[in-house]
Amino acid sequence: MDVPLRWTEDKHSVQGMLDHTHWSPAQSRVWVPALFSGLVALMASRISLPVCMAEMAQDLQWDKREQGIILASFFGGYIFTQVIGGHLADRYGGDSVQWVAALVWSLATLSMAFVAHVSVTLVLLVRFVTGLAQGVHYPSLLSLLSRRVPAAERNLVYGIINAGSAVGIIAAGGLGSALFGKGWQYMFLITGVVGITWSLMLRTISVQHKYIVHYRLLERKSWKEKMAFTSEVPLPQQGMPWRRVLQNPAVLALLAGHFSCCLYAHTVKSWAAIYFHDIFPQQEETWLYNCLPWVFWAVSSVTGGWIANKMIAHGVSITRVRKMMVFTSGLFPALLLLLMTVIAQSGGSFSLTLFIFIASLIFDGVHSSGTAVNASDLMPAYAGALCGAASTIGTIPGVCGVALIGYILHVTSSWTLVFTIVFVVCAGGSLVFVVFGSGTPVVLSLDTNTK
């Protein structure tokens, strides 16, 4: 007999219910801004080095090959904690995992201001640790939302929260532009302190939430009322049967689609500022390419979530919605990126190049309603673990792709070659998802002995 892969937990455990209750409207007004600000802090920390890279490279005499290795070192750590972060979040709560990890990556970011002048090895180590700590964030976030937010509202809520990553990039870009020539060290000091502050804030909110929900549960007189109060997503009682999961075409399509989307994202976040600095070295208003495009990306992220929710509410299947979003965010951004560099290197103006770059990011913004949330469609009870697996696959282009781009630029100085490779991979991954992707829960055999 085949059933959805889902195990119910003991219905007579108040603590178990406590771990997967939906947020009330009042709690949502606290948690959503808190998680939004967390992505602001996280992305400002992550992007601080790419934003300062041109100035640091000049100050510390790093060539393109070294820059690529340094940028890729973050993903070298990031790739190791995706699955375990999702697993821990599924078992112990995404908020608990996030605040501890945030404290680590914030301290690592802060230390960059002091170690960069010492040696490249220490820079690599600090970025590696930063990646290790930040690797748990997105799987923990999706695990948390899969339990706290009803499925019908999850697209929009995730889109709003994920817009925080764009705000973080805008904040870091604006700060980097303001500090240009005044000392790149201040970037790491400021973003590190902001991260520490957010970590402690999340810890406070998490503790308060558990107390509030505990008493709300105790107020329910019957167990039927208590169960009606809780989320439809149970806590997992058995480990993920990875062998069978990874044989499912929809899961493999998720991994392929996420890989391609992440190649685009890692390329843009790591190299866009360097690209504009190389192609338009006389452009002094760096905020125009460091900040402005991400304003449009944030709007697109929220709008994409709203559109996805509306389509589902009007009867469009989740599968069709996911495929539309992945196709839009996978193919068109990379195509526009390639068009951008061809036009720029053919004598196109800075304004036209920037306009195309903004259009590329607008299309990419709807990714928040594509593979980014598909794990919660396929396996709600194991959303964190599956998201961790997808994020691990998506980190490979960060580890290899970012470093490879540095090598290609060091040898050929060809941005066109770089963006051609990105386009081919993104187009391929998007088409795989369109053919094999799904938005319905994975159905597996009840035989759980095979893992």
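**Cavities, a buried threonine and a surface patch**

By the rule used here, six cavities of 30 Å³ or more are counted, a cavity being a set of points, on a 1 Å grid over the protein atoms alone, where a 1.4 Å probe fits but cannot get out. The model is predicted, so local features need pLDDT of at least 70 and side-chain atom pairs count only at pLDDT 80 or more, while totals for chains, interfaces and linings use all residues. Residues are numbered from 1 along each chain as its sequence is written, and side-chain values use heavy atoms, with hydrogens and water left out.

The largest cavity holds about 420 Å³ of space. Of the 30 residues lining the largest cavity, Y138, H258, C262, K269 and H367 are the closest to its centre, where lining residues have an atom within 4 Å of a point. Helix α12 supplies the largest share of that lining, with nine residues.

Let me turn to one residue. T395 is found in helix α18, residues 383–412, and counts as buried because its relative accessibility is 0%, buried meaning under 20% relative accessible area with a 1.4 Å probe and protein chains only. Leaving aside residues up to four places away in sequence, T395 touches F75, Y78, I79, Q82 and H266, contact being heavy atoms within 4.5 Å.

Finally, the surface. V295, F296, V299 and I362 form a nonpolar patch there, with about 310 Å² of accessible area together; patch residues have over 30% relative accessible area and no salt bridge, and nonpolar side chains are joined within 5 Å. Helix α14, residues 292–313, gives the most to this patch, with three residues.

Note on methods: Patch = residues over 30% accessible without salt bridge, like charges linked within 9 Å, V, L, I, M, F, W, Y side chains within 5 Å. Areas by Shrake-Rupley, 256 points an atom, 1.4 Å probe, with all protein chains shown as cover. Salt bridge = Lys/Arg side-chain N within 4 Å of Asp/Glu carboxyl O. Helix = DSSP H or I, 4+ residues; strand = E, 2+ residues; numbered from the N terminus. Buried < 20%, exposed > 50% of the residue type's maximum accessible area, 1.4 Å probe, protein only. 1 Å grid on protein atoms, 1.4 Å probe; cavity = no way out; pocket = protein on both sides within 12 Å on 5 of 7 lines; lining within 4 Å. Points joined across faces, edges and corners; volume = space filled by probe spheres on them.
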